[in-house]
Amino acid sequence: MKNTFWIIFLFSNLSFAQNNAEVSGVLPTITLWTKIPDGPGPKGGEIISSKGSFTNISTSKLIIHQPADPNGIAVLVISGGGYAHIESGSEGNPTGEWLKSQGITAFELIYRLPGEGWETESVPFQDAQRALRIIRSNAEKYKIDPDKLGVLGFSAGGHLAGYISSTFDKIYYPLQDAIDQVSARPDFTAMIYPVVSMLPPNNKTHSFKSLLGKSSETKDQIKYSVEKQVTVQTPITFLAQSEDDPISSVENSILMYQALKDHKVSAELHLFQSGGHGWGLGKKDTNTGEWTNLFLNWLKINGIYK
């Protein structure tokens with residue numbers, strides 16, 4: 001029985017990788033699903049703005065930023081956009097290329113958006129969970145260590161990264177194939193100027209509106225607050241945010257850090273004096289750009305990056 005499972009797994013994995021890899025510009029992509037859950041979703045193809053923002057996402061995918069000489073680390077990169085669009089141009093794409101320059105294989109997630117005609121608001125969580133399983137199941141193909149797979153998110157993408165890191169064992173969709181038997185738990189998590197809490201007074205974000213609407217019950221606000229999902233199984237976590245963030249209060253990162261400490265999860269928090277929100281790899285005339293080196297050093301300290 002055990003041998004039969006692995007034969008099915010290997011066949012499914014190889015077929016999936018071969019049949020779903022394509023080229024978008026110069027970067028290969030992998031579509032996530034053989035059958036997309038909770039459809040139908042939006043009609044037509046994705047729309048990409050002049051600034052690289054994605055909407056109308058009917059087919060979620062991974063864009064692969066693959067270094068010539070991979071060092072074994074893989075990162076699922078998740079852009080923000082309030083769960084209403086995906087800021088690939090200013091966040092996911094440049095971060096994927098930066099990680100690639102460090103020998104880290106980056107998989108940029110283009111995820112489905114709750115307000116685009118799907119049956120449930122859980123579609124981003126479905127996509128993130130499936131993406132982690134696909135990456136780990138393709139570890140040999142991409143020359144990565146399956147025990148060095150992390151997730152890094154910005155803003156709403158930080159919410160998604162943090163949320164899926166603590167609820168990795170929740171069943172978000174009907175299992176489709178052998179890939180869904182693979183662990184979806186990241187080995188490390190990074191949350192950059194993240195949306196974290198959906199509880200007052202931090203319930204004024206676009207992410208809140210996208211997931212919960214204009215009105216919601218306290219139990220649902222708790223359900224989607226990342227700090228309320230933290231357990232002792234939550235991966236080690238890196239946090240960075242500006243104290244003058246006007247979109248997602250710095251209290252979000254502080255709440256998350258405290259929740260991690262309460263559960264004895266190793267964590268590191270960096271607060272910058274200025275920089276606002278949405279600075280990606282860093283904002284000019286601020287020290288927010290230091291987060292990349294701080295993040296690499298944190299990976300080194302934790303034995304992940306050499």
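This is a predicted model: local features need pLDDT of at least 70, side-chain atom pairs count only at pLDDT 80 or more; totals for chains, interfaces and linings use all residues.
Residues are numbered from 1 along each chain as its sequence is written, and side-chain values use heavy atoms, with hydrogens and water left out. Helices (H or I, at least four residues) and strands (E, at least two) are DSSP runs, numbered from the N terminus.

**The sheet**
- Three strands make an open, antiparallel sheet in the order S3-S4-S7; two strands pair if DSSP finds at least two bridges between them.
- Strands S3 (47-48) and S7 (86-87) are the edges, each pairing on one side only.
- S4 (residues 53-55) runs antiparallel to S7 over two bridges, with Ser53 opposite Glu87 in S7.

**Ser60**
- Ser60 sits in the loop between S4 and strand S5 (61-65).
- With 1% relative accessibility, Ser60 counts as buried; the cut-offs are under 20% relative accessible area for buried, over 50% for exposed and partly exposed in between (1.4 Å probe, protein chains only).
- Its side chain makes a 3.2 Å polar contact with that of Asp127 (a pair of N or O atoms within 3.5 Å; within protein, one must be able to donate a hydrogen and the other to accept it, and residues adjacent in sequence count only if both atoms are side-chain atoms).
- Leaving aside neighbours within four places in sequence, Ser60 is in contact (heavy atoms within 4.5 Å) with residues including Thr31, Trp33, Tyr111 and Asp127.

**Helix H2**
- Among the buried residues of H2 (residues 88-101) are Glu91, Thr95, Trp98 and Leu99.
- Gly103 follows H2 and has a positive phi, near 85°.

**Aromatic rings**
- The structure holds 19 aromatic pairs; rings of Phe, Tyr and Trp (its six-membered ring) pair if their centres lie within 6.5 Å, and planes under 30 degrees apart count as stacked, over 60 as edge-to-face and the rest as tilted.
- Phe107 and Tyr142 have ring centres 5.4 Å apart and planes at 85°, so they are edge-to-face.
- Both Phe107 and Tyr142 are buried.
- Phe125 and Tyr172 form a tilted pair, because their centres are 5.8 Å apart and their planes at 35°.
- Phe125 is buried at 0% relative accessible area, and Tyr172 is buried at 8%.

**Charges over rings**
- Arg112 lies over the face of Trp118, 4.7 Å from the ring centre; the test is NZ of Lys or CZ of Arg within 6 Å of the ring centre and within 35 degrees of the ring normal.
- The charged end of Arg185 sits over the ring of Phe168, 5.9 Å from its centre.
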